[in-house]
Structures are given as structure tokens and as C-alpha cells.
Amino acid sequence: MTFTIKCSDKFRHDWESFIIFVQQATNRLAFGYPRYEAVHGGPHKSNKYMTRMGKELEKYRATGNSEHLRNIFNYAWLETRAPENSKFHWNTEAESATRPRERSDFSTYIGHSGTAMREPFAYRWDGD
């Protein structure tokens with residue numbers, strides 16, 4: 001399957017390295033699927049993705065191996081599918097934990113739930 005991610009032309013970044021990172025993380029996700037997700041028919045909160053992110057961060061800090069960053073990327077996504085955190089929600093207006101609040105020009109798009117969400121980018125999935 002192929003994914004298309006749309007972004008403003010004003011956002012300049014090293015897209016090649018981003019695509020490589022996402023592909024490597026996807027490879028890890030596909031590798032782990034039979035062991036973890038297939039057992040439950042998909043992501044399951046018993047896998048404690050938030051806890052796993054913390055363990056991966058500890059290993060990354062200790063070793064510097066960026067493989068752990070790819071695992072954190074995957075666990076972050078899986079946490080949104082089967083949250084361990086009982087306070088799980090999505091609020092784009094939340095204050096950042098690392099930087100002061102800045103005003104942004106957000107566009108509105110329709111999310112999976114059919115409700116309008118505020119995000120700077122829109123995405124499309126052409127998957128199976």
C-alpha cells in the first residue's frame with residue numbers, strides 16, 4: 001500500500017530522511033505485528049504501549065541507538081489505538097510541555113470520526 005502525506009509548501013524539511021525514518025518504523029511495526037497485534041486482532045491496551053515508550057526512551061538515552069526512536073514512534077501510534085492512559089484524548093489547544101504557546105494558522109479537515117479537527121496538515125490514505 002502507499003500513503004500520501006500532504007503538507008504546506010512553506011514547511012521546509014529534509015523529506016527524504018523523514019520518509020526513510022517512517023519506512024524503517026513501518027518495517028519494525030510489520031515485524032512486531034505477528035507477535036503482539038495478531039494475538040488480539042489489533043492493538044490491545046494489555047500491551048501497555050505508554051509503558052513501552054518509557055522503556056524505549058531509557059534504552060535510547062543509555063545507548064544512543066536510534067532504533068529505539070523508531071520503536072517510540074510506533075508505540076506512540078499504537079497508544080492512540082489502544083490507550084493505556086485512562087485520560088487519553090486529543091486536544092490541539094493543549095499547552096506544549098517543551099515550548100511556549102505560539103499562534104498558528106490551522107486549517108480544518110474532517111477526521112476519521114467525521115468531526116472537524118484543527119490540524120496544520122491534511123492526509124489521505126490510499127491503502128488496502
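Hi everyone, this is a short tour of one predicted protein model, from its overall layout to a few side chains.

First, some ground rules. Residues are numbered from 1 along each chain as its sequence is written. Since this is a predicted model, local features need pLDDT of at least 70, side-chain atom pairs count only at pLDDT 80 or more, and totals for chains, interfaces and linings use all residues, while side-chain values use heavy atoms, leaving out hydrogens and water.

Let's start with the layout. The protein chain has three helices and four strands, where helices (H or I, at least four residues) and strands (E, at least two) are DSSP runs numbered from the N terminus. Read from that end, the order is β-α-α-α-β-β-β. Of the 128 residues, 16% count as buried; buried means under 20% relative accessible area, exposed over 50%, and partly exposed in between, with a 1.4 Å probe and protein chains only.

How confident is the predictor? The pLDDT, its confidence in each residue from 0 to 100, has a mean of 78 over the protein chain, and 77% of the residues reach 70 or more. Where pLDDT is low, the predicted coordinates should not be read in detail.

Now please look at helix 1, residues 15-40. Trp 15 sits in this helix and is partly exposed, with a relative accessible area of 33%. Together with Ile 5, Phe 11, Phe 18 and Ile 19, Trp 15 makes a nonpolar surface patch of about 480 Å². Patches are made of residues with over 30% relative accessible area and no salt bridge, joining like charges within 9 Å and nonpolar side chains (Val, Leu, Ile, Met, Phe, Trp, Tyr) within 5 Å. Areas come from the Shrake-Rupley method with a 1.4 Å probe; for residues, only the protein chains shown count as cover. Helix 1 gives the most to the patch, with three residues.

How many salt bridges does the whole structure have? A search finds one, counting a side-chain nitrogen of Lys or Arg within 4 Å of a carboxyl oxygen of Asp or Glu. Glu 67 and Arg 28 meet there at 2.4 Å, N to O. The pair links distant parts of the chain, 39 residues apart: Glu 67 in helix 3 (residues 67-81) and Arg 28 in helix 1. Glu 67 is partly exposed at 28%, and so is Arg 28 at 30%.

Finally, the buried residues of helix 3 include His 68, Ile 72, Tyr 75 and Leu 78.

How values were computed
pLDDT = per-residue confidence, 0-100.
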